[in-house]
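Subject: Structure for your set

Hello,

Here is the structure I said I would pass on. My notes on it follow below.

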Amino acid sequence: MALRLSRGDIALADELNLQVTGSLLAVPFVWAWDHLVGTTGIVLASRVWFVVVAGAVGLLTARALRTRYAAGPAALASAAALLGLPYQLPLLSYSSVPVLALVLAAASGIALRQTRSLAWAAVLGGATAVGTIASPQLAPAFALALLIGMARVEGTRPRLVATASSLGLLAVAAVGLLITAGPAPIEESVRFLLAVRGDGISPLVRLGRALGTYEGLRFPLYWPLLAGLAVTALGCARPGWRALRVTASAAGMLWATAVTVGAALGVLPQLWFGNTVAALESVLVVTLALPVIAELRWSPRPGDGGDLLAAAVPGLVAATVIAATTGSGPEYSVHGAALGGLLLVLVVQWSTSARSLWAAPRPTTARMRAAIALSAVPTLGMALGFLALPFHEPGSLGVDTRITAGPWAGLVTTDNGAARLATLTRTVDDATRGGRSILILGAAGGYLAANGPMATPALWLEDYGAANQKALDWFQRTGRAPDVVLVTSIAEKNAGGEAAWVQHDPLRAWIQTAYPVRHVIPGLGTLLERQ
């Protein structure tokens, strides 16, 4: 989507997708790469750019935490929280930017309460605004983060600055979208989204399915984790049992990490739950919560409970909204990524407790090293979970072929994956020579190889049934009907075959009539052209 916007298409007018605003931060870099290099290697370059941006957010987050917590736990917590990316995709998009925003909002709220600095007030306001722009459906969560952050700080000026910075950025974004897109296309984007999601699955059913993934914890593979939770709960019964609750929770997290990584790499059985870093993140949150809450009870430090509550409320609201509205399957557990701000506070407080173990009963160098290593367990778990399973790959140990050309150049995948991407790139590149426009059903990534315009109202377009009438309306309104159409075999299979697809989807029926010239591309699909 960032490439489309960088080439002049307008968010919510040309791309009828509310998620498009999540790519706005990526547009300047993508525009520069496209103009200087072209699209060769643009996927890897965009991931590197994400690492740069996330690294800056991580440094700012750690700096905010250091106004109240020690440097070591602050660094560990910042790294752990920012690794919880949906689908393990390090790209600036609708799925990752809200995670960065929630984490930064939680940290800046802590710094604001501690320092009453106007700079941290501006950071809090900016983070909540950027998160709302990137994912409008999460506006309630970011509004809560802003309100709670302001409620915890003394003084009128910090509150005014936080409010002004947040509402100011939101106003600029809203005015910009209204000027460039106009109110009618924005309304059409909302209608298209509602039509696409009109699959008969209610938000409550989606939420139930997301919660249902945790039923997988009953399998024997997870029993050591449950045992660790039981021992952790036992260790929470007495103030002097800190070592027991910290080490038991660490053991549980290590086992959860081992199961996640083992399942991702194919060493352990692949269960419905447990093979994504977002799923692991939700398990770590539960595991960390027990000893952290016990510390709040037995060794309370003023402000720690407030820090935890301020991160928990927006995080739980965001996770609930995502679970109830996401179109991705519950097995991805993307709702767990919304707990980044909560994980941040839990890790910094848990790591602080873990590090305190070296001083009792007698401080020694060996004990200190052990305590420091123990404090890094949550961050280690998140790092391994993130690295174990690249998106749409069999696992890090299963990729062995480096792509050498095209938009995905520099990435490592499987032989079949490389061949599939090479065929897609070659087909789209050839079909759009001379600047011909293209519509692709079932392979949004193919647009990266296009030499001509993206003739589609939404990059993710496949069998949406009657909702695809909106695509025909868009062609008529814009006059941008495609010169060629690529229908992937996967999309056709998911639709029940060509004949069935034509019967229930007006877009596919129109394509069959208007594009009678067919070229079958082995291993990819069918390229269709006008007579």
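**Salt bridges**

At 19% relative accessibility, Glu-498 counts as buried, where buried means under 20% relative accessible area, exposed means over 50%, and partly exposed is in between (1.4 Å probe, protein chains only). This is a predicted model, so local features need pLDDT of at least 70 and side-chain atom pairs count only at pLDDT 80 or more, while totals for chains, interfaces and linings use all residues. Residues are numbered from 1 along each chain as its sequence is written, and side-chain values use heavy atoms, with hydrogens and water left out.

Glu-498 forms a salt bridge with Arg-518, and their closest N and O atoms are 3.1 Å apart. A salt bridge here is a side-chain nitrogen of Lys or Arg within 4 Å of a carboxyl oxygen of Asp or Glu. Glu-498 belongs to helix H21 (residues 498-504) and Arg-518 to strand S5 (residues 517-521), so the bridge ties together parts that are 20 residues apart in sequence. Helices (H or I, at least four residues) and strands (E, at least two) are DSSP runs, numbered from the N terminus. Arg-518 counts as partly exposed because its relative accessibility is 42%.

The rule gives a count of 21 salt bridges. Another of them joins Arg-191 to Glu-187, with 2.9 Å between the closest N and O atoms. Both residues sit in helix H9 (residues 183-196), 4 residues apart, which is about one turn of the helix. Arg-191 is partly exposed at 44% relative accessibility, and Glu-187 is partly exposed at 41%.

Asp-9 and Arg-4 meet through their side chains in a salt bridge of 2.6 Å, N to O. Asp-9 and Arg-4 are both buried. They also take part in a network of salt bridges that links Arg-4, Asp-9, Asp-14, Glu-15 and Arg-480.

**Nonpolar core and surface patch**

Which residues touch the most other members of the largest nonpolar core? They are Leu-65 and Trp-350, in a core of 142 residues. Helix H5 (residues 97-115) gives the most to this core, with 13 residues. A nonpolar core is a set of buried Ala, Val, Leu, Ile, Met, Phe, Trp, Tyr and Cys residues joined through side-chain atoms within 4.5 Å. Leaving out residues up to four places away in sequence, Leu-65 touches Ala-74, Ala-77, Ser-78, Ala-107, Ile-110, Leu-344 and Val-348. Contact means heavy atoms within 4.5 Å.

On the surface, Val-231, Leu-234, Trp-241 and Leu-244 form a nonpolar patch with about 330 Å² of accessible area together. Patches are made of residues with over 30% relative accessible area and no salt bridge; like charges are joined within 9 Å, and nonpolar side chains (Val, Leu, Ile, Met, Phe, Trp, Tyr) within 5 Å. Accessible areas come from the Shrake-Rupley method with a 1.4 Å probe, and for residues only the protein chains shown count as cover. Leu-244 lies in helix H12 (residues 242-265) and is partly exposed, at 32% relative accessibility.

Trp-255 is also in helix H12, and it counts as partly exposed at 33% relative accessibility. Not counting residues up to four places away in sequence, Trp-255 touches Leu-221, Tyr-222, Pro-224 and Leu-225. Trp-255 and Leu-225 are 30 residues apart in sequence, with 6.0 Å from C-alpha to C-alpha.

**Aromatic pairs**

The whole structure holds 8 aromatic pairs. In one of these, Tyr-87 and Tyr-332 are edge-to-face, 5.3 Å centre to centre with 75° between the planes. Tyr-87 is in the loop between helix H4 (71-82) and H5, and Tyr-332 is in the loop between helix H14 (304-325) and helix H15 (340-356); the pair links these distant parts of the chain, 245 residues apart. Rings of Phe, Tyr and Trp (its six-membered ring) pair if their centres lie within 6.5 Å; planes under 30 degrees apart count as stacked, over 60 as edge-to-face and the rest as tilted. Tyr-87 is buried, with a relative accessible area of 14%, whereas Tyr-332 is partly exposed at 25%. Trp-474, Phe-475, Trp-510 and Tyr-515 form one aromatic cluster.

Regards
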